[in-house]
Amino acid sequence: MSGTATAGASAADTHELIRVHGARENNLRDVSVEIPKRRLTVFTGVSGSGKSSLVFDTIAAESQRLINETYSAFVQGFMPTLARPDVDVLDGLTTAIIVDQQRMGADPRSTVGTATDANALLRILFSRLGEPHIGSPKAYSFNVASISGAGAVTVERGGRKVKERRSFSVTGGMCPRCEGRGAVTDIDLAQLFDDSKSLNEGALTVPGYKAGGWNHRLYAESGLYDPDTPIRAFTDRQRHAFLHHEPARMKIAGINMTYEGLLPRIQKSMLAKDRAAMQPHIREFVDRAVTFTTCPDCAGTRLSEAARSSKVAGISIADACALQISDLAGWVRGLDEPSVAPLLTSLGETLDSFVVIGLGYLSLDRPAGTLSGGEAQRTKMIRHLGSSLTDVTYVFDEPTTGLHPHDIRRMNDLLLRLRDKGNTVLVVEHKPEVVAIADHVVDLGPGAGTEGGRVVFEGTVGGLRASGTLTGRHLDDRAALKKSVREPTGALEIRGAALHNLRDVDVDIPLGVLTVVTGVAGSGKSSLVHGSIPAGEGVVTVDQTPIRGSRRSNPATYTGLLEPIRKAFAKANGVKPALFSANSEGACPTCNGAGVVYTDLAMMAGVATTCEDCEGKRFDASVLEYRLGGRDISEVLAMPVAQAEEFFGTGEARTPAAHRVLRNLADVGLGYLTLGQPLTTLSGGERQRLKLATHMADKGGIYVLDEPTTGLHLADVGQLLALLDRLVDAGKSVIVVEHHQAVMAHADWIIDLGPGAGHDGGRIVFEGTPSDLIAARATLTGEHLAEYVGA
């Protein structure tokens, strides 16, 4: 009997590995790996080598799919449907918790407090202890409006219908003037139309309201005013109909349409969206036309007067949310209220987690959309830190993004803490500091795109160093300081910068050189660079906001490369350019140019099968008969950038406009991407470099880059530095917000903010050359840079 028990126990203990066999997602080539459980495994490899495809799209995706399948079919109908990854065997999976770098929802009403549990707990605390008592937790929420109503309701009782009078009221905490947004908008009418012209003369200057379009015809043909009269000559009644008319159905140009005034229409179509989610030309218009001013009624707190009047220990909920989280944690600990002890304990632990994770400098009222990718990722980690769950697989996507070398040590401690609780921790990472703490390393490569997708090394960190793979060779790379630095040609003066935590900063940013702005996370770098450098003529900003694009978008459409290619095909074959677009006339009629046919299977994962008619090429067969330089359009879109650069550079297919864009793509290290690869399959680092390549053609004199090394392999950092040098040598000024020591060492000028984060930061602690920074060693950055270059 005891023998079988022992055998049973040992059988359960044999599942110590997560086994992956034959993974083929995206560019993976039949990858097979064995990952030890309850250990820290780091996945390395150049950008585009298949790390995310293996970790996120295969292991984590299958774990989530299997968990979803444990629910009933009814519940699954409400959940996102996930297809099974293309893999032969996945064995030994545990529940996966994914902590990725997706920016937090950029809803104007979303704050750090609402995105975590902190605000919910604070609201309960104030509804129990607040003096005067104003109502339930809803009364302290800026997302709940106060409403009341009364009327007759019909109720059936004993077969008879009886009318009863009912009334209800909900007390919410939303400020009625700004509707919980904290800011009110004022629109500059001069940016919407030129009142010296009539509508028919093209008075409207709003994007998308060009003469002839439906948006324009709605007003020009409404019949409420004369389209040939200059707008300034409208009567008061006509002006009200033009600007403020309530929505009303009417017949315009023979079609039933909803007419409403220009202001409410723009308010709904453009201003209701978050600024970060807008297309660049719309954002530019909104920045010109709209001034956002702090709401005068609630002073930007978003809360009603009643919610602000109720206090606990002399502090209102608005004051509590405005406090730096590290200070708020101290205030919560100081409350001695046995009646709400469990609540105070839970709230205290949540706030302490912020401090432990290095986000103690935030405040709960900080809009979630303003957090950087790294801050958003760490905010998502908070709920997992205090969790009692063990034997869980935590999956992290470059958790050191946006972290100063000083903060990376704290992040390493957190990763090890999660592992030591008995969890499997999988990390996709490039930083050598994180690779160094791994129990197990999986290196993918040898190259990117079609050149990658294989496991080139599996084992310990020591083994990786000796392996001779690209990552192994570059693991101990150290950039040296430049022998001489460039002389500035001028200066960009910033005076009295006080955004967020900046303390009236005065600084001259030198022009004509490579300037690096650095400092610990939360020291005020982004506030200084993005908040103080005037975004106008000559300033090109390449930040980390995600590229919005469907699976029909690809590098060729995003960069504008497809335009000259289509024209070259059209000219060579004497047909119109629209034929060479899979989103227009040239699309395969069966799959509408998608290349695949989707079959929706309700709550089960839909099936995408390659279109049989065009064999996934996306074009109508007749279009593929037209050739340029011996290739049809689908063959051109299947080319990698490096090959296409050669193809459009010489010979019959020579197209200078296309060649220029392709050269920029190759310069930023994207030579391996195929022109037709869907944008949805690109990694974060690839998307940022795609943006950089697109902006390199802009006429700007000042380039502002936000952590361009994000997602870059150690071997690619050198290529990025060469690109920055080329930009500076071409007469541009480059300002980089960066933590990577190699970029700091390569700078001509460093501006270091600090000394700490939040209210301990916001000051300039050093300005000068990298060698002076190392010699002084007076700041955290100086110490880490000195250690890095071995000074």
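I began with Ser141, which I found in the loop between helix 5 (118-129) and strand 6 (147-157), where helices (H or I, at least four residues) and strands (E, at least two) are DSSP runs numbered from the N terminus. The model is a predicted one, in which local features need pLDDT of at least 70 and side-chain atom pairs count only at pLDDT 80 or more, while totals for chains, interfaces and linings use all residues. Residues are numbered from 1 along each chain as its sequence is written, and side-chain values use heavy atoms, with hydrogens and water left out.

I then looked up the accessibility of Ser141: its relative value is 6%, so Ser141 counts as buried (under 20% relative accessible area, with exposed over 50% and partly exposed in between, for a 1.4 Å probe and protein chains only). Leaving aside neighbours within four places in sequence, I listed Arg123, Gly172, Gly173, Met174 and Leu303 as in contact with Ser141, contact meaning heavy atoms within 4.5 Å.

Next I turned to Gly149, which lies in strand 6 and is partly exposed at a relative accessible area of 22%. Beyond its neighbours within four places in sequence, Gly149 is in contact with Arg166, Ser167 and Phe168. I also noted that Gly149 and Met381 are 232 residues apart in sequence and 42 Å apart in space, C-alpha to C-alpha.

Last, I followed strand 1 (residues 17-23), which runs antiparallel to strand 2 (residues 31-36) and is joined to it by five bridges; two strands pair if DSSP finds at least two bridges between them. Arg19 has Glu34 as its bridge partner in strand 2. Strand 1 also runs antiparallel to strand 4 (residues 89-91), with three bridges joining them, and there I found His21 opposite Val89.
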